[in-house]
Each structure stands twice: as structure tokens, then as C-alpha cells.
Amino acid sequence: MTRKILNPIVFVLFALVFCGIFLAVLKFNPLEVYGKMLEEIFSVRGVQKSVVAGLPLMFTGLAVAFGYRMNLNNIGADGQYAMGSILCIWFALYGPDMPAVPKLIIMFVLAAAGGAFISLLAAIPRAFWNVSETILTMMLNYIVLLFLNFLMYGPWKEEGQMVAQTARTDERYWLPDIGNTGINSIVIIAVIMAVAIYFFHKKTSKGYQMEVIRRGPAAAKYAGMNVKANIIFVLGISGAIAGLAGFAQVGGIIHRVQADLPNGAGYTGIVIAYLAGLNPLVVLIVGFLFGALQISAVAVQITGVPSQIA
């Protein structure tokens, strides 16, 4: 336990020292740069912005962690996120006019279904023909992102705008903030999901089956567990979680979809999942910290640090 606590602390210190030397060689004051980062992160506004930046990363991190709990590499969270946002914004902008609550529920379901659909395109070949889900999910990213950009630069592009993005959704379909915190209530959904996944792994027979299959697929099959069905189930749920990052953006954060919206969040989710030790509760914390890194990287550019270095 002591080693688990000390390892990340020691290596973070190593990283700070190394980056400090790098900054000093480039004639920047490391203490000034780090001070600006900390000032930005630990302000009230910084915490708000960190949560907002970290929310999509929380969903993609949860998605990757869920899959890898059964040794399934979901590299396609970017594409699943993109498809979730496509279906979500489609219904928000072009679906029937209806009260806010049912509209938001349907947007939520469509975002999850979009992510699950893309994931299942890889899950079925993996389950029945042992085709690598790593390669399939990664290749599907390119297809979905090209489709997203086609819509953003083409039929769904907001009229009169230079930016490749959709129109903003009606304010009736925006999730509310939590009181006066400036933090959108979508974070509650992320927390509920992380807790649910944690108890699913610890307390359900399906979670137990996932652990057995991860440790020995042949033994699980011998014990009567349906390995193929579990592969389809796990990758489908993983994709659905990633798709909800699209709902977070449309319903809670920017209320529209933009070209290249995932912006690598799916790949960052892989790093987050591993740093969190695949623990869904820790994924939320690491996702928040990555959001803090993003907003602090922007802040240090004020000190003259180029964006590439920041």
C-alpha cells in the first residue's frame, strides 16, 4: 500500500524536475510557470473549468476501464463519442418539439445507443471470429470522425458561420448547473455511473464472470460461462458509456457539435483508465486532473510559453 501511494508522488516530482530543467534551458522560469498553473487550477473558476474540461474524459476513461476489466481493448472511444454526439444533436435539433425531460431522456438514450452501435461493429467479429477488437475499434474511429466532419462542413453546418459546427440547441434542452457552482449537473450522471460500475464489478454475478474470463477464458468456458455473449455485452456497454460523452457536450456543456469534437478524448481516456488502475471511482479524479492540465496549459501561455510546450 505504501508503495502504491509513494510511486505516483515520486514520479510526479521527477516529472516536475525534468520539465523544470526543460523550461529553464528554453529560458523560461519554471517556478513562474508552475505558479501560474497552480494559480489557475486552484481558483474557483479554475475548478469549474477543470470539471468542464474533464467531463468528456471521465466518460471515455470509464468506457475504456470497463472494457479492459475483461481484457478487451476499446481503442474506439473517439468514434463512439462522435456517433453519440451525432445522434444526440440530430434529435435535439431535428426531432419533434416536446417537453424538456422526455427530450433529454431520449437524447441520453440515443447518445448511448450510438456509442454502443459503433462498439458492437467490433464486438461481434471479436466474439465469433476472434478478430482483434483493438484494430477494429481503432479503424472505426476514422470512419465515424470523417462522417462527423462531413456533417459539420456540409448539411448540418450553422448558416452564416465560418466555424464548422451545428446550431446551438434550444435552451429548454440544456441540463441545469448545480446551484451557483458553474458546474453542470451532467457531472452527477458521471458520478452515478462510476459508482454503479464499481458495485457492478464487486457485487454482481456478471461482474464476477468478467473477472473470471479476464483471468482465464478457457477456464470460464469450461465452467459454463458464455464468453461470446460476455464479449458482446462488455464492449457494447463500453461503447455506450463513451457515447454519453456526446450527451455531456450537447446536453450540458457546449450545446452543439463541432468538427473533430472528440479531439482525442478517447485516446486520453486510455491513459486515464490505466492511471486510475481501472477503478471507476478513481477515473473521475484522474479525469478531473487531466481537465486541470488542459486549462492550466492554456493559462501558462500567458507567461510566453508556446502552445506546443505548454
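## A buried pair, and some ground rules

Let's start with Glu133 and Arg126, which are both buried (buried means under 20% relative accessible area, exposed over 50%, and partly exposed in between, with a 1.4 Å probe and protein chains only). Their side chains meet in a salt bridge, 2.8 Å from N to O (a salt bridge is a side-chain nitrogen of Lys or Arg within 4 Å of a carboxyl oxygen of Asp or Glu).

Keep in mind that this is a predicted model, where local features need pLDDT of at least 70 and side-chain atom pairs count only at pLDDT 80 or more, while totals for chains, interfaces and linings use all residues. Residues are numbered from 1 along each chain as its sequence is written, and side-chain values use heavy atoms, with hydrogens and water left out.

How many salt bridges does a search of the whole structure find? The search turns up 8. As a bit of background, side chains of opposite charge can pair when their charged atoms come close. One of the bridges joins Lys49 to Glu40, at 3.1 Å from N to O. Lys49 is partly exposed at 32% relative accessible area, whereas Glu40 is buried at 17%.

Another bridge links the side chains of Glu211 and Arg215, at 2.7 Å from N to O. These two sit 4 residues apart in helix 8, so about one helical turn separates them (helices are DSSP runs of H or I with at least four residues, strands are runs of E with at least two, and both are numbered from the N terminus). Arg215 is exposed, with a relative accessible area of 66%. Glu211 and Arg215 also belong to a network of salt bridges that includes Arg69 and Arg214.

## Where helices 7 and 8 cross

Helix 7 covers residues 186-203 and helix 8 covers residues 205-215; their axes come within 5 Å and cross at roughly 75 degrees (axes are lines fitted to C-alpha atoms, for helices over the stretch in contact, and angles run from 0 to 180 degrees between N-to-C directions). The two helices are therefore roughly perpendicular to each other (that label covers 65 to 115 degrees; under 35 is roughly parallel, over 145 roughly antiparallel, and the rest oblique). On the helix 7 side, Phe200, His201 and Lys203 make the contact, and on the helix 8 side it's Ser205, Lys206, Gly207, Tyr208 and Met210 (contact means heavy atoms within 4.5 Å).

## Leu281 in helix 12

Leu281 lies in helix 12, residues 280-300, and counts as partly exposed at 33% relative accessibility. Which residues does Leu281 touch, not counting those up to four places away in sequence? They are Ala194, Val195 and Tyr198. As for Asp170, 111 residues apart from Leu281 along the chain, the two C-alpha atoms are separated by 33 Å.

## Two loop residues with positive phi

Most residues other than glycine have a negative phi. Asn263 isn't a glycine, yet it has a positive phi of about 55 degrees. You'll find Asn263 in the loop between helix 10 (227-253) and helix 11 (265-275), and it is exposed, at 70% relative accessible area.

Leu278 has a positive phi too, about 65 degrees, although it is not a glycine. Its place is in the loop between helix 11 and helix 12. Is Leu278 buried or exposed? Leu278 is buried, with a relative accessible area of 15%.
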